[in-house]
Amino acid sequence: MVPLRLSTYFGLIISVITLISIIGYTSAKLIFRSQWPAGFATLAALSLASISINAMLLGIIGEYLGRMYQQLKKQPLTIIEDVAGVAEGDNLSLTSTVTNSLSGN
């Protein structure tokens, strides 16, 4: 569960970095009139945003599956003690069932 939780935290950290970088790129472009190549800021922000969204969603899905696994692990083993509708001495093999159903028994 720890690596899955780390993935969620990694996504959140990258999201914060993305927001800070978008604010920084926008302010640098508007205030300082930086001369970056066309589309650099947009490409960098979209790349960081997609990485953060993927990491967060992977972490959320992993957390969900991990919790389901933990729930299922706590369930007791199921032991079939008796089969309903079968007499005690009957053979439960497939061939005897098919033979009995074909002969009308």
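Which side chain meets that of E63 in a salt bridge at 3.5 Å, N to O? R67 does, and the views below show where that pair sits. This is a predicted model, where local features need pLDDT of at least 70, side-chain atom pairs count only at pLDDT 80 or more, and totals for chains, interfaces and linings use all residues. Residues are numbered from 1 along each chain as its sequence is written, and side-chain values use heavy atoms, with hydrogens and water left out.

**View 1. The whole chain reads α-α-α.** There are three helices and zero strands (DSSP runs, H or I of at least four residues for helices, E of at least two for strands, numbered from the N terminus). Buried residues (under 20% relative accessible area; exposed is over 50%, partly exposed in between; 1.4 Å probe, protein chains only) make up 17% of the 105 residues.

**View 2. Helix α1 covers residues 2-30.**

**View 3. R5, E63 and R67 form a salt-bridge network.** A salt bridge here puts a side-chain nitrogen of Lys or Arg within 4 Å of a carboxyl oxygen of Asp or Glu; the count is two. E63 meets R5 at 2.8 Å, N to O, tying α2 to α1 across 58 residues. E63 and R67 sit four residues apart in α2, about one turn. E63 is buried at 11%, R5 partly exposed at 33% and R67 exposed at 51%.

Technical notes: Expected span 1.5 Å × (residues − 1).
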